[in-house]
Amino acid sequence: MKEDKEIPKENSGRRKFLKLGFLAGGAAAMTGIGLNALADDDTTTGEKVKVLTSDGKTVLVDSGNIENPNCAIAPAHSVSRAEAREGMPGKKFVMVVDLAKCRNALKCQDACNKHHYVTGKNAWLKVYKMQESQETAPYWMPMTCQHCDQPACVTVCPVDATFKRRDGIVLIDNEQCIGCRFCMAACPYSVRVFNWSDPNQGAAMSADADHAPENSPEHAGHKSIKGTVDKCDFCPHMIRQGELPHCVTSCPNDVFLFGDAYEDTVTNGSGQSVRLSQLLEDKSGYRYMEGLGTEPSVYYLPPVDRTDNFEDGLEDYNEFQSVKP
Amino acid sequence: MTKYEELVAELAPRKFNKMGVIWTIGLVVVVLIGIAAYIDQIIKGQIVTDMRDYVLWGVYISNFVFFVAISFVGSLTAAILRLTNKTWRTPLVRIAEIIALAAIIMAGITIVLDMGRPDRLLNLFIHARLQSPITWDVIIISTYIAISALILYFPLLPDLAILKDYFKDNAFLSKWYRILSLKWEGSTLQWAIQKKSIKVVALLIIPVALILQTVDAWLFSTTFRIGWDSTNLGPYFIAGAMVVGVGSLISVMFVLRKSYKLEKYITELHFDKMGQLLVFACLIYLYFNINEYLLPAFTAPKAEEAHLQELFTGHYAPMFWFVTIGGLIIPILVLIFPKGRKPFPLFIIAILVVVTSWWKRYLIVVPALLHPFVPIQGVPESWHSYFPSLHEWAIVSGTLAAALLIITILIRYLPIIPIHRTAKEMGILPNEKSEES
Amino acid sequence: MRAFIYTILLGFCILMLSPLAQAKEKARLSVDYHKIMGENGMLFINVKYKVEKKYQPATDLQLNIYEEINEDSIVHRGQVITDYKGNAQFIIKAKGVVSDELVKYKYLVRIENDEVFKDAEKSEKFSEVNLVAEAIEKDSVHYISAELTDANGNPLEGEKLQVIVQRLFAPLTIGESSYKTDEDGAILVAVEDPLPGIDGNLTFEVILESRSYGNVKVIFDAPIGKLITDQSTFDKRTMWSPPNKTPLFLWIFPNIVILGIWIVIVTLMINLFKIYKSNKQTKQS
């Protein structure tokens, strides 16, 4: 029997196991919440394996249904509103943005807009053309919600519609928001957007076959509601599947890293993990407007030893547009 | 007719003449247009305004602040003047109380017009967070409405009883005056309760009014924004409220005096005194303005400098100088002279003060929003500026008309000048029943 | 003449319709053998095909799994169906037999008689190995020690092993990207400054990737991680908590003030009522 031409194996062992992790997430996602509802599946082995669920509990799952049984997290297709308010215990999500690598490709913005069905004129993730003064060099600075540990927005909300969770993520419950916009006035990073009219997401949402059917604060923009506020949510709907937020994976330059600060590890879009504390020490990471005391969860690595010229990013720069029609 | 009966006939509420009817109908029309515009806003969303993600608060909020500021007149004139027992204040207190009540009610309504989801209004009570300055605002406005109503009502009781008798030929009016007068007879017990209650409410309204203006200021100074994040803002708003409160009182006072021919009761002395109060208020407000605008220019950190430059020489300069010169400098210069405090010139200045005060609040709310810490990028060019849309003008005009309408209706049916009190001061009460003075 | 035209037309029709009959896609199969020590090995299968220069996953595709016993005979072992990502897994149950020679296994994965895809086959050859690892401590430094032997217990020298720690999104490598086993088939990797772990526990993996043995790894826990302290303010009373966790001073003082004011207001309203009521009792004189 002749062998087929061998398909070349991927080089990085890490990449393979990241893929496994993704596949595990995908398999888990496909099987839905009912991890136990797979009795008739051919691939059951009868062997039970421990799996970490979203609320920190371990459940037993047939190993045949999980590709990487030791590193799977239960999907969130029916995370209750109470669970969405509390978040994933024992974790603290942080993001690192490497300003040395950003060249304003805007793939992050496109992915975020797409996966959150953003139909307004203000994106949740914006890449700013920053220049502190005429005397200093300009650079590209992607900014998401900073998910502050002392959030000004949460403090001023009169109706408890925006909240800070155990895992550090700040979310919005758009069924409770009264649209007073005090949170927007309070946010010094200008990351919140308002639905001034009906978001009209129907077309965008039906075009995306993968979208989850339920409205949950864990998947912002799904759906957006007229007269309420929206913002970056750090993609908890992806985290629960063991996957990184969309901006992280879509960046062609690995500008973003994301992870659990309690694990002291962040991972970039290519699946490479690094030790967070080491990264911040080596590259002198800092937080934006630290002096305000908001304690953001986003770290920036200074634009030193840039990988690309700043001017290359001007091609895609549009001062007056952040959501492509 | 006795002197007393003459007095009552002069001060009792009268039917509107043609001007009055036209005035009222005009106000109703403006209110209806406002309501129509609001319904359109509910249907289409607030996209019908010119507010967008950067100028996220606009004239609805500045108009709201304006109403809250005017309501200060209720505590200022009514309480302070009531408590100091100066008899010259008698003709003015009721007008002040009416203006204050109308203003605070409209403040409560105006803020709801700015909400993106007014259908979820109850969330402000069900899910209230005490940490939020808006919750403090909801509480204090509700409290102030109750107190303003009480400080209007208690002194009104004897007059309602008088009107019940005066209108005995009109079944409808007589009945309602009787009901609202709570069977007032002028008995010793009733007087005792009433006197005590007025003293209590007059005392209570002062701290509540000060808290109200301060909490209103804290809606802005609890944020990080340049132009809002100022330690000065609480007292600044209190002083500003004093200015616009007195200004609106003088304006209404003048109009009523003319229409109802009350020159005998609201004399030039009253205008002189109110003019003095106004110039005093303006001087204090000028002091706070200097602290607020001139002082940051001394160190001028970049963000402050950009904001001030916009006000002094930039896009908002015309409005800023109109408000400052027209609303502060000119009033001060005119009113420190007795000639300036004659009724007519004072009335013009008062109108100027009220109009500039409305634009002043606009200047407090809007320019600061156009100077966020992070540069404005990634949004359409029209989002880099703000000017109220037709819907916003319609709705704001509707609220202003509604406030005037409330005042108009109250003036129509309540004695503008307290009858019983005036009669007592003139010593012409029919049965010299003495209650302690 | 007519016959000629008809023939041309028929040929034309056949030409037009034939692509439909021959329009089967060409699939790319990849098969890898994965084994986690202590569990059954698995074949990880992925099928994809090119659509306009981009690869798409071949979903819902039935695949047949065969084991080649010797040069001539294959045994049908089972079937799998690919999922929405084009992936499928097939569990290979361990054989009990041990012989002196190193047993080489060969599996075939075939697309057969599929409507959409052309027949295709991919094979995967592997031998069983034994990989053990543990965390040890020498001179108060932690090490990961691992040993690789073949199915008969003979050490395998010169194989590349990687040591990683499991993390939430992607594992973190310990030390170098790989270490070569020595003549005892062993490696020793120092773990400096251990990472934080839940309850101080870290889950390590030692991974072998090789053409002969497939992807083999051993997973084990070691309590050598730093303890994680939860610094979340979620349970505390803060200015940004929900209403049920309002800071105490905000609960106490404003409520006292509000209550005080409203008690007065209610008293005043009662006074109004008293005025109304008093009418019955007193008489004017």
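Visitor: What does "buried" mean here, and what share of the 325 residues of chain A counts as buried?
Guide: Buried means under 20% relative accessible area. The model is a predicted one. With that cut-off applied to the 325 residues of chain A, the buried share is 60%.

Visitor: How many helices and strands does chain A have?
Guide: Among contacts in chain A between residues at least 6 apart in sequence, 62% join residues at least 24 apart. The secondary structure of this chain comes to 9 helices and 13 strands.

Visitor: Which residue of chain A forms a salt bridge with Asp167(A)?
Guide: Side chains of opposite charge can pair when their charged atoms come close. For Asp167(A), the closest N and O atoms of the pair are 2.7 Å apart.

Visitor: Why does the pair of Arg165(A) and Glu218(A) tie together parts that are apart in sequence?
Guide: The two side chains meet in a salt bridge, at 2.7 Å from N to O. Arg165(A) lies in the loop between strand 6 (162-164) and strand 7 (170-172) of chain A, while Glu218(A) lies in the loop between helix 6 (202-207) and strand 9 (229-230), so the parts they tie together are apart in sequence by 53 residues.

Visitor: Is Glu218(A) buried or exposed?
Guide: The relative accessible area of Glu218(A) is 2%. Buried means under 20%, so Glu218(A), at 2%, is buried.

Visitor: Which residues of chain A are joined into one network by salt bridges that share partners?
Guide: A search of the whole structure finds 33 salt bridges over all chains. Salt bridges that share partners make one network of Arg81(A), Arg85(A), Asp160(A) and Asp173(A).

Visitor: What area is buried between chain B and chain A?
Guide: The size of an interface is often given as the accessible area lost when the parts come together. The contact takes 45 residues from chain B and 54 residues from chain A. Carbon and sulfur atoms give 57% of the buried area between these chains, which is about 3900 Å².

Visitor: Which residues in chain B lose the most area to chain A?
Guide: Together they account for 17% of what the chain B side buries. They are Phe224(B), Val374(B) and Gln377(B).

Visitor: Which residue of chain B forms a salt bridge with Arg181(A)?
Guide: The count between chain B and chain A is 1 salt bridge. In the bridge of Arg181(A), the closest N and O atoms are 2.6 Å apart. The partner in chain B is Asp114(B).

Visitor: How many nonpolar residues are on the side of chain B that touches chain A?
Guide: Across this interface, 33 residue pairs are in polar contact. Helix 2 (18-44), helix 6 (123-126) and helix 7 (133-166) of chain B each supply at least two residues of the touching side. By class, that side has 13 polar and 10 charged residues, and its nonpolar residues number 22.

Note on methods
Residues numbered from 1 in each chain as written. Chains lettered and ligands numbered in written order. Predicted model: local features only at pLDDT ≥ 70, side-chain atom pairs only at ≥ 80, totals over all residues. Heavy atoms only, no water. Contact = heavy atoms within 4.5 Å. Buried area = accessible area lost by both parts, 1.4 Å probe. Salt bridge = Lys/Arg side-chain N within 4 Å of Asp/Glu carboxyl O. Polar contact = N/O pair within 3.5 Å; in protein donor to acceptor, adjacent residues only side chain to side chain. Helix = DSSP H or I, 4+ residues; strand = E, 2+ residues; numbered from the N terminus. Nonpolar A, V, L, I, M, F, W, Y, C, P; charged D, E, K, R; others polar. Buried < 20%, exposed > 50% of the residue type's maximum accessible area, 1.4 Å probe, protein only.
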